[in-house]
Amino acid sequence: MRKNVKQYVLFCMILFVSIPVCAQYGARKANYYYKNRWKENIFVSAGFGGMAAMSSYNLKAGVGQMLNPYFNVSAGSYINPFWAWRAGLDGWRVSEAGISPEKQITSFVDLRADLMCNLVNAFGGFDGGHLHLVDVFVYAGPYLNFAGGVNPGVTCGGLIKFNVSKYLAIDIDGRLSRQRNMTYGQYDRFYMAATVGVSYVFGGRRF
């Protein structure tokens, strides 16, 4: 278990390091600098999908035991062509198989913050305001889980945006989370989640 925790923390550290490297590479390649005002490029988003607790008991119980409804809502800002941030809520419920055959269902809410990097602009270069048909983001950040107490965790994932216009996008979001259960401190668990949703930018995206 400790080995798994160390591997996950190392993975998140590598992702955090790679994000600024990608952004700096893109800035040099694009040779473009954009000064964002605080009221520009603010967005809200919402999505619905499913999540699963990746425990050994769940894996043995099958897919039907693992899948649960899941939602997320977020608000954030595109800082520049390469960076964005968002904060939000997600949750609904999670089911986990135990030693007994009964299905254990727990309702929960997560409060999270994500730092995001646009890989399309970072590696392809930013061309001064052209909105891509598709943008791909990677992100990572901390979160707090509220289910029988306050449980800290870290999360990372990827986001694909299909840009309908400079105002509206269709989002496909997938994340992997690692959570420490503070009630039973010896337990760390992996959770996977995926949603389909929409996002809206007030005033329209400027890059």
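Seven salt bridges turn up in this predicted model, a salt bridge being a side-chain nitrogen of Lys or Arg within 4 Å of a carboxyl oxygen of Asp or Glu. Residues are counted from 1 along each chain as its sequence is written. Because the model is predicted, local features need pLDDT of at least 70 and side-chain atom pairs pLDDT 80 or more, while totals for chains, interfaces and linings use all residues; side-chain values use heavy atoms, with hydrogens and water left out.

Take D114, whose side chain meets that of R86 at 2.9 Å, N to O. D114 sits in strand β4 (residues 103–118) and R86 in strand β3 (residues 83–97), so this pair ties together parts 28 residues apart in sequence. Strands here are DSSP runs of E, at least two residues long, numbered from the N terminus. D114 also has a salt bridge with R112, at 3.4 Å, N to O. D114 and R86 are both buried, and R112 is buried too; buried means under 20% relative accessible area with a 1.4 Å probe, protein chains only.

Then there is R205, whose salt bridge with D135 has its closest N and O atoms 3.2 Å apart. That pair links distant parts of the chain, 70 residues apart: R205 follows β8, and D135 lies in strand β5 (residues 134–146). R205 counts as buried because its relative accessibility is 9%, and D135, at 0%, is buried as well. Through shared partners, salt bridges join R86, D90, R112, D114, D173 and R175 into one network.

As for strand pairing (at least two DSSP bridges between two strands), β8 (residues 188–201) runs antiparallel to β1 (residues 42–53), with 11 bridges. S45 has S199 in β8 as its bridge partner. Strand β7 (residues 168–180) is also antiparallel to β8, joined by 13 bridges, and S177 stands opposite Y191 in β8.

Key. Helices (H or I, at least four residues) and strands (E, at least two) are DSSP runs, numbered from the N terminus. Buried means under 20% relative accessible area, exposed over 50%, partly exposed in between (1.4 Å probe, protein chains only).
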